[in-house]
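Please look over the sequence and the structure first.

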Amino acid sequence: MRASLSTHLARKFGRLLPAKPLPVKWKGGVVSFTFDDFPKTALAIGGEILERHGVRGTYYTALDLANTTGSLGPMFDNRDVRAAHKRGHEIACHTFRHLDCGRTDVDTLLKDIADNDAGLRALTGGSVPVNFAFPFGGISISAKRALAHRFQSCRGIGCGVNAGTADFADLRANHVYDADDGDESFRQLIDRGRASDGWTIFYTHDVAPRPSPFGCTPARLEAVVAYAAATGAVLPVRDVVAGLARPNPALS
Ligand SMILES: [Zn+2]
């Protein structure tokens, strides 16, 4: 009983304890677009929208989902991963088997992530995936601590803007779904990020005329990307993390 209560509390409040607090100060703010799980439409339609606006995105890829079809539609294959990488998008890490980090022990997680890491490197000519997103947004305190060491950043699904000091073990991110605009419209989120020299991250899954509940239409993504690109910097997670590590990211 005690153990289960403790597990429950860890799961519930793990998100609240920063494991990797770091400053975010990007003059004029920066926006990132991320795709979880990599349905084919995330590149064929979503990637095309980003590229048309001269920007690139981050694809959190779980290799065990390759060549499958599920609620998000047909998923990526190896050629999609290579193509996204060649076109300048970031291939980032999810777990290999899309494990929920809030419900998996750390040793199993790290082994699973090592499999994903090796597979992604093989597909991208040795490029090392340095950023991670928690499948389902599932987090435990122990997973958060372990992955904070393992990756430069881990992205969660807690909404809001990363500004001032942000937890790079659980970066805030906002969904772009058709069914629900969330608590704050995308324009407000982008404006707030720009005004606070912060980092506004968006995520979605499939991008299709009739999207899943976890995806959006091309028109909706187009609207968010167009506004973000018209108002300032838009970069993959990889480039924001690297930029923030420099003394004056906006000036360099
Ligand atoms: Zn996922």
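## Basis of the model

The structure is a predicted model, in which local features need pLDDT of at least 70, side-chain atom pairs count only at pLDDT 80 or more, and totals for chains, interfaces and linings use all residues. Residues are numbered from 1 along each chain as its sequence is written.

## Overall make-up

The protein has 8 helices and 12 strands. Helices (H or I, at least four residues) and strands (E, at least two) are DSSP runs, numbered from the N terminus. Of the 252 residues, 48% count as buried. A residue is buried if 20 or more other C-beta atoms lie within 10 Å of its own, exposed if 12 or fewer, and partly exposed in between, with C-beta atoms placed from the backbone.

Two residues are in contact if their C-beta atoms, placed from the backbone, lie within 7 Å. Among contacts between residues at least 6 apart in sequence, 73% join residues at least 24 apart.

## The nonpolar core

The largest nonpolar core has 71 residues. Such a core is a set of buried Ala, Val, Leu, Ile, Met, Phe, Trp, Tyr and Cys residues joined through C-beta atoms within 7 Å. Y59, A92, C154 and W199 have the most contacts inside this core, and α2 gives the most to it, with 5 residues.

Leaving aside residues up to four places away in sequence, A92 touches T58, Y59, Y60, T61, P129, N131, F132, A133 and V237.

## Helix α3 and its neighbours

In α3, the buried residues are D80, V81 and A84. Seen down the axis of α3, its buried residues fall within an arc of 100 degrees, so they line one face of the helix; the arc is that of the directions from the helix axis to the C-beta atoms. These buried residues pack against α2, β3 (58–61), β6 (90–93) and α4 (106–123). The face turned away from the buried side of α3 carries the exposed residues R79 and K86. After α3 comes G88, with a positive phi near 95 degrees.

Helix α3 (residues 78–86) packs with α2 at an angle of about 35 degrees, with their axes 10 Å apart. Axes are lines fitted to C-alpha atoms, for helices over the stretch in contact, and angles run from 0 to 180 degrees between N-to-C directions. The contact is made by K40, L43 and G47 of α2 and D80, A83 and A84 of α3.

## Helices α4 and α5

Helix α5 (residues 141–150) packs with α4 at an angle of about 35 degrees, and their axes are 10 Å apart. On the α4 side, V106, L109, L110 and I113 meet S142, A143, A146 and R150 in α5.

## Two residues with positive phi

Most residues other than glycine have a negative phi. D37, although not a glycine, has a positive phi of about 75 degrees. D37 lies in the loop between β2 (30–36) and α2 (40–52). D37 is buried, because 22 other C-beta atoms lie within 10 Å.

D197 is not a glycine either, and its phi is positive, near 55 degrees. The loop between α6 (186–195) and β11 (199–204) holds D197. D197 is partly exposed, because 17 other C-beta atoms lie within 10 Å.
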